[in-house]
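Trainee: I have the model open. Can we go through the terms one by one?

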Amino acid sequence: MTYILIDKTQWAQGLAAAEKAYRLFGPVRQGAMVNFAALAPGQAPELDGLNTRLSARSVVYPQSEILFEYSVDPKDPAANILKETPPPAKPAAAVGIRPCDAYSFLLVRRNFDAPDVKDVYWLRNYEATVFVGLACDQPGSTCFCTSAGCGPYSEQGLDVLLKDTGDAYLAKVLTDKGAAFMAAAGWSKDAPADSEAQFTQGRQAAEARIASTVETDRLAEIPQMVLYEADFWDEVAFSCINCGTCTYLCPTCWCFDIQDEVHGQHGIRERNWDSCMFPLFTLHGSGHNPRGQKVQRVRQRFMHKLKYYVDKYGNGIQCVGCGRCIQYCPVNIDIRQVCRLMNRFGQDASCKVA
Amino acid sequence: MQAYTEKMREIARRLLKECRVETVIGFRKGSMPMMNEPCLVKSIDDVDQLVWDGNCGINLANYLTNRTDQIAVFAKGCDSRNIVTHIIENKIKREQLVIIGVPCKGMIDKRRIRSMAPGEITEVVEDGENVRVKGENFENTYPRKEVLQANCAVCLHRNPVVYDELVADLVPEQQDVDRYEDVRAIEAMGPEAKWEFFEALLAPCIRCYACRNACPLCYCPTCFVDESMPQWVGKSQNPVDVRTFHFLRAYHCAGRCTDCGACERACPMGINMRVFTKKLEKEAFEQWGWEAGLVLDQRPPLDTYRPDDPQDFIK
Amino acid sequence: MQPNPYLPYPVRIDDIIVETEDKNLKTFKFTFIDPADEEKFAYHPGQFAELSIAGKGEIPIGIASSPTEKGFVMFTVNKVGLVSTALHNMKVGDVMGIRGPLGNWYPWERLEGKNVVIIGGGFAFTTLRSSIVYMLANRERFGEIHVIYGARTPGMLLYREELAAWEARDDIHMHITVDGTDDPNWKYNVGFVPTITDQKAPEADENTYAIVCGPPIMIKFTQPVLDARGYGHDNIIMSLENRMKCGIGMCSHCNVGQHFVCKDGPVFTLAQLNRMPREY
Amino acid sequence: MGVEPGRVHFSWISSAESTKFVDVVKKVTEAVRAVGPNEKYVKKELKVA
């Protein structure tokens, strides 16, 4: 394992150098928010404070992404024949991504990188991205990453893990991809001998700060249809307004819609994030809607994350514990409580949502 | 606020016990500071879930749409006006409702308090005219009136306009309020400046539709943004589509909006989309002297015709 | 380099047949612009494809032709939404796209040597036509074949000439029915599909499989009939529909529980469906 | 909305008022021409960046 020390005085300079070879993304201040977004030339990522409002999902999977272009000009011999959009010319670097967000890509990858069929757009973006994470020393009150498969110092899905040591970032280089990024940035200073110990201590301190958990131990064993037919869904769903906040802020939600648009003779086929919270999501052409009721849609979201995904991949829940859906749900529907209801279902019949 | 909560539980218990209603719609304590969750109470055993404080900004009229049961609902001034609008628009029947009026002293602006806090907030306590905000390494106290939601600060109808019961004495209405300072500032801009202003205002929008879905007025079975034949609006993040959504939605609320602030409160991206609905609310007031949801026996100006309707704009 | 699973094969419309008296159902025959694509589009009866029209979008439609029919692929499309309406307005010679084949198919290996009862209603007969043509082309590989097919009126039946031709054969038992008709020359059954199923479906045994495809109301009332006649739920094979976008198990629109109708389906046995949420 | 004045006009013309109709259409056309093409409401990002 290589450790490299980056003096903060060398930080901006290194990013400027890396910018020549990479498209840089990071936490960016936008008004009162900090969102994960593209960095303007020379712009420094905001690395203080809590996690970003919008996750790093869009680095690999933009909210709107053009898949094909075509001409609809009848005089054009290639009219109506779709042409794949070229991939971005330069690789991307997600600088200062939190370990939970980085881990989310591994969960989402199971969907887009299936053994038999590959989502070429997601994969080409994912493979062209180097994930330079920042260890999370100040986890928030709604962070429950440690019980959701990762943690504030989790290295899963990362190429480099940075630790803020005050005057410097201590970098743990995890992959060749990460080493290439460090080289492009020109950071190569030897790290102190106790670097590993610093990471260990930092991890222990950060993990100890995480007070929030989800219970997931029984989710796999309770039969799907038992949870589906559980009696608590009406109560869970009552307050829901069926907006897309939870699904759009979630780093692990991946649903999308495909749309064509034409202006003049030039057309595109693009995909846009979609949300299982919207009635239109499942509406048939006939007018029939298998999830026409709010409670069905709310159930779908939680069942997908906490049961279908668990059963399908046998690898835990489709949630990294970032807490965004809890922080920003307009009506305070809390995935931790729903998860507890599901996990304890049949065991503790008196368990209420509140 | 504790007095409100206790009175609410008492009324709810009585109404359920006397079988005057099947359900009570109110709020229960949320899992985070400054958050309460709308809840539905059907059993006397659950009445003690009900709470009231400055974090009940969600408009409960939104939960009444097309219900068929007998309901008791807690209603601030704005909620009550939206209930009136719902009744006028046949979304609920007056006979189904026991409206429990909640004289309101304004809701707390969680976004503003969060933005002022030096770290993550762990507890917020309302203490009479003050709000105490605590975090891991800080504790700040703000006068309540300085941390009200923007719509509450300029509210002229804090008391419910229609009610069957009250949880407390009526509160004095605010006087000498300048409701439209922000709207006038935008009106004064030239076309270019307006365009830029709206472009910047809407840039953070992720089209989650929380504003629309939190709004009691937005009950259309299929919203125009979801229509596919014809498709009125594109589905992407293109600013033209985002702008079209917000402007058209606002127009659909013209003469109906009560400025309850639910849209802004719900927005996960902190967009002040109330400037759109407020402009239309201002027009409704100036053109027709109309304030939405005050009376049950008058239809809003945009779905009635009167020979003296203003028509200076027609050349 | 991975193939792009979202990229349709360019095709040309070769023929358009108006199928039904209300003119809402048309059959489109396509030929591949690059003949090599036809081989790549190797399919089994029961699969579907996304029909792609530049500027409009895509719709998932069951493949109505059989792999035993070479030189074209065929789809019958009901006019309901944006894309199907655009398709109905297209002309012979127009260029569009086909993406597929997608999804699973009727379990032909399991059906080898077995009796097959095809039960279809309305315009859901498309992949059933594919199956019938396929079985007749491989007649020796199957036992008894029964077809129960109903539509509202005689004029709403799909593939009428072929139905008549099959009626004339003695190696397939046709039970065509309509909900009602005032046509004095109508010489087949009158009655709903479940009723005709009750009258005509062969006795159940473990070597007899029913393939059921039709509108939800038909399925709802046919299933109890099959139950009463003793068909095991492993022997009842159904094809589902759900709103779909990608067709390849990525976009998650069509999920039913942990399964995607587009990729793990559309074909499921009733035994499988019994263990899944009824979200279709 | 940030749309220039002169781009939107309202008029009330009876089906009998053909000359007024011609008049109004001419005036509106001139006024809109004077404002120039409406570039703002044209989507600019249909191309791949």
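Mentor: Start with α6(C) and α7(C): C:V193, C:P194, C:T197 and C:D198 in α6(C) meet C:M218, C:F221, C:T222, C:V225 and C:L226 in α7(C). This is a predicted model, where local features need pLDDT of at least 70, side-chain atom pairs count only at pLDDT 80 or more, and totals for chains, interfaces and linings use all residues. Residues are numbered from 1 along each chain as its sequence is written, and chains are lettered from A and ligands numbered from 1 in the order in which they are written.

Trainee: Why is α6(C) called roughly parallel to α7(C)?

Mentor: Helix α6 (residues 193-200) of chain C and helix α7 (residues 216-228) of chain C pack at about 20 degrees, axes 8 Å apart. Angles under 35 degrees count as roughly parallel, so α6(C) is roughly parallel to α7(C).

Trainee: What makes chain C as compact as a globular protein of its length?

Mentor: The globule rule is 2.2 Å times the number of residues to the power 0.38, and the radius of gyration is taken over C-alpha atoms. For 280 residues the rule gives 19 Å; chain C has 18 Å, which is close, so it is as compact as a globular protein of that length.

Trainee: How much of chain C counts as buried?

Mentor: 51% of its 280 residues. Buried needs 20 or more other C-beta atoms within 10 Å of the residue's own, with C-beta atoms placed from the backbone.

How values were computed:
Buried ≥ 20, exposed ≤ 12 C-beta atoms within 10 Å, placed from the backbone. Axes fitted to C-alpha atoms, helices over the stretch in contact; angles between N-to-C directions. Helix = DSSP H or I, 4+ residues; strand = E, 2+ residues; numbered from the N terminus. Parallel < 35°, antiparallel > 145°, perpendicular 65-115°, else oblique. Contact = placed C-beta atoms within 7 Å.
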